[in-house]
Amino acid sequence: MAKGLNIYIKGDGIAARCCAHLLRRAGAKVFGDGVASARVPAMMLSPLAISLMRDVFTAPALFSNVFEIERRYVTWGATERTAIPHASAVISEGALLAAVPPPWDGDQQIAPEECDFTIHAALPLPDGKPRQRFGAREAATARIRLKDSDGRACEIESVGDGWLFLIPTAEAAWLLAVGGPVETLLAASRQIGPRVEIEAGGGEFDCAPGMAEAVQGEHWMACGPVAVGFDPICGDGTAHAVREAILAAAVIAGIARGEDRRALLSHYRAVLTLAMGRHLDLCADYYRSGGDSPWWRDQGDALARGRAWCEARMQSAGPRMYRLQDFDLLPLTAGAA
Ligand SMILES: Cc1cc2nc3c(=O)[nH]c(=O)nc-3n(C[C@H](O)[C@H](O)[C@H](O)COP(=O)(O)OP(=O)(O)OC[C@H]3O[C@@H](n4cnc5c(N)ncnc54)[C@H](O)[C@@H]3O)c2cc1C
């Protein structure tokens, strides 16, 4: 329980909203700035992401009427175009956030300094340290028209210096271009390029994986992409952000119960570092096999540097002391895994 605590939440994304909801449910008073970041026009929601959000918001029907993808076409590196069964919902980030409660109630407001704890789900972080970035790549989005359409299929294709991801929605189709401008990557594409016309340019997003040097302090935690940024190639950024929010709320509830603050916050740092390491392994599989130009090699090298950074960081983590059960962090009894 977090009864009696005042929590300040910076940010307005899904991490901020999940944290706020869980903490309110645990009895805390939640305040915030509601600062919104740029929204991705179309993203895939895995069954895991949906199930986690349904649990957090106790809303079993959440996202039950969302457009669904049934197949994924993959043309990656030397492989020929292949169709793979794929179950995901597609939604704009704006629609996703509109379906869940906002992070704070809005009327009453107090300053973060007057709160017991601050969740930073938006930049900047209080320590001001530079972020560790494991690669350098931007993602550009564009709304497109498909000349031929397998309306329930998404498609991913690696090209000379980057990759393309095509996502249909009920209303339009969107393209994500990673590594260069949409037009340049489309011109280099064998599969997607000849079948699409750009209708309108979209936003640009930083999308190389990275992690904040410090994800926690005595009275704060970073949560969501500001703490650990995932490459959209994993397609599961939302599930990661929700899991982080569940863990952050559980750390605060543990502190409120009088458990060891330092140990709980160290656990948070260790779990996020492990998640980053696992994500970098997954990315490495893709970036090692996507192509053999200097661009692909540079991304692969940066991922390997990131892996080494995570390993070094885990060496100072100490033994694992907690496990998450439902929404609570329970101390591990001696000998338990
Ligand atoms: C191009 C793109 C495509 C995506 N596609 C999918 C998808 O298909 N499925 C899916 O589940 N998720 C996807 N995601 C992730 C998703 O958009 C959200 O990032 C995720 O759901 C959690 O975000 P949030 O709402 O909590 O934080 P947000 O509100 O998105 O961001 C919070 C803060 O983090 C900062 N921030 C964001 N990214 C970074 C970064 N890399 N480095 C440093 N700071 C950063 C923002 O500026 C903001 O201040 C994608 C992300 C991008 C960028």
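Trainee: In which loop is aspartate 326 found?

Mentor: The model is predicted: local features need pLDDT of at least 70, side-chain atom pairs count only at pLDDT 80 or more, and totals for chains, interfaces and linings use all residues. Residues are numbered from 1 along each chain as its sequence is written, and side-chain values use heavy atoms, with hydrogens and water left out. Helices (H or I, at least four residues) and strands (E, at least two) are DSSP runs, numbered from the N terminus. On that basis, aspartate 326 is found in the loop between strand S17 (322–325) and strand S18 (328–331).

Trainee: Is aspartate 326 buried or exposed, and what is its relative accessible area?

Mentor: Aspartate 326 has a positive phi of about 55° although it is not a glycine. Most residues other than glycine have a negative phi. Buried means under 20% relative accessible area, exposed over 50%, and partly exposed in between (1.4 Å probe, protein chains only). Aspartate 326 is therefore classed as exposed, its relative accessible area being 67%.

Trainee: What is the phi of threonine 58?

Mentor: Threonine 58 is placed in the loop between H2 and strand S4 (68–75). The residue is exposed, with a relative accessible area of 59%. Although threonine 58 is not a glycine, its phi is positive, at about 45°.

Trainee: At what angle do helix H1 and helix H2 pack?

Mentor: The contact (heavy atoms within 4.5 Å) is made by Ile14, Cys18, His21, Leu22 and Arg25 of H1 and by Met53, Asp55 and Val56 of H2. By class it has 5 nonpolar, 1 polar and 2 charged residues, where Ala, Val, Leu, Ile, Met, Phe, Trp, Tyr, Cys and Pro count as nonpolar, Asp, Glu, Lys and Arg as charged, and the others, Gly among them, as polar. Axes are lines fitted to C-alpha atoms, for helices over the stretch in contact, and angles run from 0 to 180 degrees between N-to-C directions. With their axes 10 Å apart, H1 (residues 14–25) and H2 (residues 47–56) pack at an angle of about 30°.

Trainee: Which residues come nearest to the ligand?

Mentor: A residue is near a molecule if one of its heavy atoms lies within 4 Å of it. Of the 25 residues around the ligand, those that come nearest are Ile14, Ala15, Ser37, Met44 and Thr238.

Trainee: How far is a nitrogen atom of the ligand from an N or O atom in the side chain of arginine 131?

Mentor: A polar contact is a pair of N or O atoms within 3.5 Å; within protein, one must be able to donate a hydrogen and the other to accept it, and residues adjacent in sequence count only if both atoms are side-chain atoms. An oxygen atom of the ligand is 3.2 Å from a polar backbone atom of leucine 123, and a nitrogen atom of the ligand is 3.5 Å from a polar backbone atom of glycine 235. For the side chain of arginine 131, the distance from a ligand nitrogen to an N or O atom is 3.3 Å.

Trainee: What is omega for the bond that joins leucine 123 and proline 124?

Mentor: Proline 124 lies in the loop between strand S6 (117–120) and strand S7 (131–133). Most peptide bonds are trans. The bond joining leucine 123 and proline 124 is cis, with omega of about 0°.

Trainee: At what distance does the side chain of serine 158 reach the backbone nitrogen of glycine 77?

Mentor: Serine 158 is found in strand S9 (residues 153–159) and counts as buried, at 10% relative accessibility. A polar atom of its side chain lies 3.0 Å from the backbone oxygen of glycine 290. The side chain of serine 158 reaches the backbone nitrogen of glycine 77 at 2.8 Å.

Trainee: What is the length of the polar contact that joins the side chains of glutamate 259 and arginine 257?

Mentor: Glutamate 259 lies in the loop between H5 and helix H6 (261–289), and this residue is partly exposed, with a relative accessible area of 23%. The side chains of glutamate 259 and arginine 257 are joined by a polar contact of 3.0 Å.
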